[in-house]
Structure formats: C-alpha cells, structure tokens
Amino acid sequence: MNAASRFRDAPGAAPRSLRLMLDGVPVLARPGESVAAALLAHSGGATRQTPVTGAGRAPYCMMGVCFDCLVTIDGHPNVQACMVSAREGMVIQRQIGARRLGDQP
Amino acid sequence: MSADLVIIGAGPAGMAAARVAAEGGLSVTLLDEQERAGGQIYRNVGAVAGRGWLGADYARGGALVQGLDHPGITHQPRATVWRIDARRGVIWLRDGQSHVSPAAHVLIATGAQERPVPFPGWTLPGLMPAGAAQILMKQSGMVPDEAILAGAGPLLYLVAAQMIAAGAPPVALVETPTAITHALPKLPRALFGLPTLIKGLGLIARIRAAGIPWYRGAADFRAETTEDGRIRFDFTTGKQSHSLTCGLLLTHLGVIPQSHLTRSMGLAHEYDAEQGAWRPTLDPWGQSSEPHVFVAGDGGGIGGAEAARAKGALAALAILHQAGKLDAAGRDRRAAPLRRALSRALSLRPFLDAAYSVPSAFLAPPDETIVCRCEEVTAGSIRKAACTGAEGLRLMRTSLRTGMGPCQGRMCETTVIGLIAEATDRPASTLGPGRIRTPVKPVTLAEIAALGPQPEETT
C-alpha cells in the first residue's frame, strides 16, 4: 500500500517540518510545497481511485490541468492537491471510487 | 477591485506586461493560480536560494518577479479565473469565494500545458510528464529517483541535465524518432538563436558525458506496474524490443497553448500546423478578435520564456496606447527593440518544431490506451464511435463523454481529434477547436451563487 516514494530529496532541501494527516497516517511536508508534492514524497502509490473503474491514480501534471490529484482536504471534496500549499494539521482523505448520494463530503 | 488592466497569469509574459503597464500609468491587477509569481518556467523562483543545479536560465526569472514590486500592481495569488465576461470583467475564485475584477483591458497570459503523451499504461501511478517532475524539483526540492525520460524535445535534455546536476541521473533517455535532417532547411534562421542552440548542445554533451544509456527512434511505448510497485517500460527501436524497469517514467512531447479561457470567450482561433495545436488569432501586438482582449506568451502560440517576456511587453505597450497613455510614435519606438528580441527568441522555433514533431502513434494511440483520463474512455471505443457516426468532438462527447470530466478535455482533446482524423481521413485542422464553456475550471453552485443575482445575463 505504502510503496516507497519515487522521488528523493535534492541536495540542500529544507527539512519536512509540517505534519499533515492522510487517512489517519501522518505525512510530512516542506513549507511552501503543494499537498500533492507531500503525497508523492510520502508514497509512490495511488492517491485516489477513479469514479468509473476504481483504478488507482496519483498526481500527474502538477500544474492544475489534469485533475488526477483530487483529494478531500479538511472536509472539502475534489480539491486539486497540486494547487494547495501544505499547512500544519491539514486533514486529507483519499477519494475512493464514485461518491454515493447522501455521503458526507 | 476595479483596475485599468487585468492580467491573467504571472509567468514571463504576464509579469513583463504588468511592469510595463504599471510604469505607463495603468492600475494593474495580476491574477495567478499559484502562491508565488513565476509561472511554470520560473516556478517558485522568488523563494528558492541555493539551487544552482536548476541552472542560470531559471534564476533569470527572479528579476521579473522583483519587477512586480510597483505601487500600480496588485498581485492576487491563488486566484483561479473561471470566466471572463464581456460586460462584468474577470471572474475568479479563491478559497471558495468568487470575485469580479472589472477591467477596461484584459491580457490573457495563461501559458502552455504539456502535450498529452497517451500510450497503454500512461495513467498508472509512477508515470508523469517531465515538466511535472521539473515543477517538483523547483518547488519541493524533490528529484526523480531512478527515472527514465521518454519522448522528444529540448525539455527532456534540460530535465536530464538538471537530474544529473542534482546527483540523481536518469536510468535512460528513450527518444522517439526525431527529424533533424528534415529540419535542416530551417537551420539558417536558427543560427540567429545560436546561444540557445549552443546551450542545447551543451546539455546533450552533459548527458553523453554522464554515460546515460540513450535509445533513439523508439516506438510502441507500453508501461506496466511490477509486483514491487516499480514501472516496467517496454518499447521498440526498429525491430528490436526493449524492456526497462524504473521507479518513475517521465514523458514529454512538447507543449501546447492553454486555450480554454480564450476559447470560452468565443475569440477567433486558428490551427498551427507546425505546432499541431490551436491558438487564438492575434495581431502583432497580441490583440485578439475582441479589441480590448490581448493574449501574450505561450497561450498565444508556443515560443518559450524569452519570447513570452517580449510579447508581454509588446501587448502592454499596445494597451497603453489604447488607453490613451502612449502615442503611436512612442509605442512603436519602444516596440522596436522588443521586436528584435522576439525575432531572436523565435529564430530557433521552426527548427525545433520540425525536428521534434509528434509521432502519429501518440495522436492516434493503440486501442487499449485510455485516452480520456477522467471518463476512462479507450482509443478503441473512440475509433469505433468515429466509424459509426461520431465524426466530431461534440458527437464524441455526447456518445462517450470524452472531455466531460473535471479536466474538461485538457488531457484528451488532441488525441480524440487525432483518432477522429485517422478514422474519417480528415485533417485535424477541420476537427477543432472544441467549444469550451464557462466555467473553465470546476466551481460549486455555492461559489457561483455567492456572486449574487445578475438577472440580465443569459449567456
């Protein structure tokens, strides 16, 4: 599930001093980086499952174009993780498949 | 929040235009989706110190960001524009709240996106565009670990050189067929861009010196996830099959203008056959078919950062003239050096466009390829629909939902057009551009309702 990250830190990169929660698991983030970057540094696995077939997807374009990085952040569904800066204490949930009518966001 | 000029996009074009317009006496609102100005090319440049491995060209963006420090410029970060209304102005969203910025003049500088590179497996975790990895390097200090770079174009060489400099060299460079010989007639003009050409050759030399395995003429891309979560990348060169394993597969086949906003306004567009993409129809100042709407930078046709900077300044001069702040003689006098810089910056482009054209297999990929990533529609079902009557983008949309997911066709339109063109034997230029409607980025009903009643508006 928690595959190793596909990235490593560049020389001289700042420490990851922020703590986010992803489905109850702590994820560390660097000030100024996007939530999607923090998720990619945390794991090389999927960050959501598609509404149509349930296939696993991870952040892709990193610039707000593809919408593959959609997550729920602090209760708001369908947020582009690549367009939001990581902040201390953020609560992130993966979106698994299609939403059902009556689901709480 | 009224301004004389609203600029959308704080990349090189938008930043250069903001400074020129503000110095000329206009109040400027600069809207940008990111936290910091810079666009994709200079992403995060104002905040990064000590990242020499990204190179000197990247550091050059810092001066443009500093140029925004002018009392006439209001930079609105994290602002997502979802509509430009002819009467009310630019409508944008931040933190769940919509805002309207009325403006006498609008400059759209939304830049480029990477051209989608569809092939079987391109939707798997572990595959990304090379430019996306570069954004992670610039903004997060993250470098790809054991990555393969695949595709074609100068950006691949740059990313490879940056990875080498950061101590994380790519596992291999897998290049699709290039047409350097075919592009040679364009080389005389390219020599005006000699410094850029030399830089490119320098990148290639660094990749060679690092001993990176380099495959040329590659085709038949296919990616799968291995049992331990890595990526197996299969391709062919000539009659030979290859299978490599990597942590990350980074693809690239050039960039195309981001035209959702210009298209949603109903501006005139034209097909650029050299670049294989639509772009808004513009005069030499960047003026669109709507007199008060200008477009500058890669959003008006791909030219790169230096060209974007010149085009942004040229558009600002034309806007100053339109606003009565600069007479025609002054405008033309100041434009002359900018036009020379633009010509230099674009001199390499025809050569690059010809040398790194897109192989047809990525415009019309194999049947099992997912083309529309949002609605998960395969190339096979699009081919079948095209052969049974869905001979245009709109018919395809209604029959298969291509382009109806949250990305609104940004990731599939070029491929859907390529597949229809192939199936119906018509040129791509007759099949687009697709009609784009407001909102150009997803907004909730609550975010729209918060704008209040606008009874007279029906469009």
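I count a salt bridge when a side-chain nitrogen of Lys or Arg lies within 4 Å of a carboxyl oxygen of Asp or Glu. The model is predicted, so I note its limits: local features need pLDDT of at least 70, side-chain atom pairs count only at pLDDT 80 or more, and totals for chains, interfaces and linings use all residues. Side-chain values use heavy atoms, without hydrogens and water.

**Entry 1: domain 1 against domain 2, chain B**

I looked up Asp57(B) and found a salt bridge with Lys199(B), closest N and O atoms 3.2 Å apart. I read the domain bounds, from an automatic or database domain assignment, as 3-113 + 256-326 for domain 1 and 116-253 for domain 2. Their C-alpha centres lie 29 Å apart. Contact (heavy atoms within 4.5 Å) takes 14 residues from domain 1 and 13 residues from domain 2. The two domains bury about 1100 Å², as accessible area (1.4 Å probe) lost on being put together, summed over both parts. Arg43(B), Trp53(B) and Leu54(B) supply 52% of what domain 1 buries here, more than any other three residues.

**Entry 2: chain B against chain A**

I then checked the chain interface. About 3500 Å² is buried, with 57% from carbon and sulfur atoms. Chain B brings 47 residues to the contact and chain A brings 37 residues. Pro125(B), Met142(B) and Glu376(B) supply 17% of the area on the chain B side, more than any other three residues. I found two salt bridges across the chains. One pairs Asp145(B) with Arg8(A) at 3.0 Å, N to O.

Note on methods:
Residues are numbered from 1 along each chain as its sequence is written. Chains are lettered from A and ligands numbered from 1 in the order in which they are written.
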